[in-house]
Amino acid sequence: MDEASPFDIVTPEQIRAGRATDAYFDRTVETLEHADRNPTVVAEVTADQFPTGEFEVLAGVEDAAHLLADLPVRVDSLAPGQLFDGGPVLRIEGRYLDFCRYETALLGFLSHASGIATAALRAQLAAPTSSMLSFGSRHVHPSMAAMLERAALVGGLDGISNVAAGEVIGREAGGTMPHALLLCFGRGNQEQAWRAFDEAVGPDVPRVALCDTFSDEVDEVLRAVEAVDALDSVRLDTTGSRRGDFRHIVREVRWALESRGHDDVDIFVSGGLGPEQLRELDDVVDGFGVGSYVSNADPVDFALDIVEIEGDPISKRGKLGGVKDVYRTADGGHHVGLADREGPADGESLLEPLVRDGEVVGETSLDAASERARRDAEAVGFGAEGV
Ligand code: PCP
């Protein structure tokens, strides 16, 4: 183990050097070099061979691009944020030994981020009128926080909570107070905690009082608005065992605020929320913190397969040989076809150059990816039926 790294973290240098690989790729390199065999191949990253109608969001493309740009290969891919339901999302052309060892890291970059971005999009579409922050970094290994937060934003969440991840991806982390802060001031002293927070933090930090620590939500909310003049919001993170009818609790809080003239105080809720609860609460809250539903999403089951060797189509059983293209048709459907044939008349080809001559040439910006996911969800009807 590297003495300089006390944590169980594979370093960026190891990833770049092709060491974040399954050992059988090392054996494959040894064997091919021994046999003096290094064919020119085309390989494709695919989850489903044929379109399934069940769309997922592609994320992790920028990491994949930076990994592959160091290698003498040509890479095409769907753009980050693009929705897909079958066929290749990324294609590599080159000598096999030049990228063999990188398959493991490449699939890891794409699989995990795409699963998270898909869950984020599903969450966002369940509550389209509320703002939504990513609160899940506590559920993942800290070395993955930036991946989590970027993918959550690609899927449409509005903000992130992990500070270091924000520094990596160029976004400022948001968040105000945990229960620990209230507990440190002691039972019955919530006003002291809320006021101390108001006095301590900078003017740009929204004044959000957490109002569920010791007593009834309505009671704590009314105390908070009295305690802090410029209160922006209250947050309810009512624990599951006390929740009962959470929508009713939120409506009571809204009623109590409005009846005392505090219509401008927003209500923010968090804790164990997935699409069903988000949908149920969207019209009575202003914002959500969503953690585990997004952070614990299953990775997409991508595989990398060689589909052409020295110009001839090839595949293992159950996979489709030959270089493919993926088309979006006007009705929002997907069509997968051989790249050297004519695509559907109304089809737009989705695979675009990502890496050429050692340079990342594809568009990988976070804003463009989020915008694409949003537009694409509309185009294919993602989330339209509450899924
Ligand atoms: C919220 C809640 C969840 C956190 C967010 C993640 O934190 O208690 O544990 O959301 P999730 O349930 O959707 O994964 P806080 O209220 O700040 O937690 P704490 O009780 O630690 O103060």
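This report describes the overall fold, the ligand site and several individual residues of a predicted protein model.

The model is predicted, so local features are reported only at pLDDT of at least 70 and side-chain atom pairs only at pLDDT 80 or more, whereas totals for chains, interfaces and linings use all residues. Residues are numbered from 1 along each chain as its sequence is written, and side-chain values use heavy atoms, with hydrogens and water left out.

**Overall architecture**

The secondary structure of the protein comprises 14 helices and 18 strands. Helices (H or I, at least four residues) and strands (E, at least two) are DSSP runs, numbered from the N terminus. Taken along the principal axes, the C-alpha atoms fill a box of roughly 75 × 55 × 35 Å. The protein has 387 residues, of which 49% count as buried. Buried denotes under 20% relative accessible area, exposed over 50%, and partly exposed in between (1.4 Å probe, protein chains only).

**Ligand site**

The ligand sits in the second largest pocket. On a 1 Å grid over the protein atoms alone, a pocket is an open set of points where a 1.4 Å probe fits, with protein on both sides within 12 Å along at least five of seven lines. A molecule sits in a pocket if more than half of its atoms lie within 2 Å of the pocket's grid points.

Residues surrounding the ligand (a heavy atom within 4 Å) include Phe-135, Arg-138, His-139, Pro-178, Asp-237, Leu-273 and Ser-292. This shell divides into three nonpolar, six polar and three charged residues. In this classification, Ala, Val, Leu, Ile, Met, Phe, Trp, Tyr, Cys and Pro are nonpolar, Asp, Glu, Lys and Arg are charged, and the others, Gly among them, are polar.

| Residue | Protein atom | Distance to a ligand oxygen atom |
|---|---|---|
| His-179 | side-chain N or O | 2.8 Å |
| Arg-235 | polar side-chain atom | 3.0 Å |
| Gly-272 | backbone N or O | 2.6 Å |

On its own, the ligand has 490 Å² of accessible area, and the protein covers 77% of this. Accessible areas come from the Shrake-Rupley method with a 1.4 Å probe.

**Helix α6 and Glu-149**

Helix α6 spans residues 145-154; because nine of its ten residues are buried, the helix is largely enclosed by the rest of the structure. Among the buried residues are Met-147, Leu-148, Leu-153 and Val-154. Glu-149 also belongs to α6, and its relative accessible area of 0% is why it counts as buried. Along the chain, Glu-149 and Val-294 are 145 residues apart, yet their C-alpha atoms are separated by 9.8 Å. Gly-156, which follows α6, has a positive phi near 115°.

**Other residues**

Asp-36 is not a glycine, but has a positive phi of about 55°. Asp-36 is located in the loop between α2 (23-34) and β1 (40-46) and, at 73% relative accessibility, counts as exposed. Glu-310, also not a glycine, has a positive phi of about 50°; it lies in the loop between β12 (303-309) and β13 (312-313).

Thr-104 is part of helix α5 (residues 103-126). Its relative accessibility of 24% places Thr-104 in the partly exposed class. Thr-104 and Asp-232 are 128 residues apart in sequence, and their C-alpha atoms are 46 Å apart in space.

Notes:
A polar contact is a pair of N or O atoms within 3.5 Å; within protein, one must be able to donate a hydrogen and the other to accept it, and residues adjacent in sequence count only if both atoms are side-chain atoms. On a 1 Å grid over the protein atoms alone, a cavity is a set of points where a 1.4 Å probe fits but cannot get out, and a pocket is an open set with protein on both sides within 12 Å along at least five of seven lines; lining residues have an atom within 4 Å of a point.
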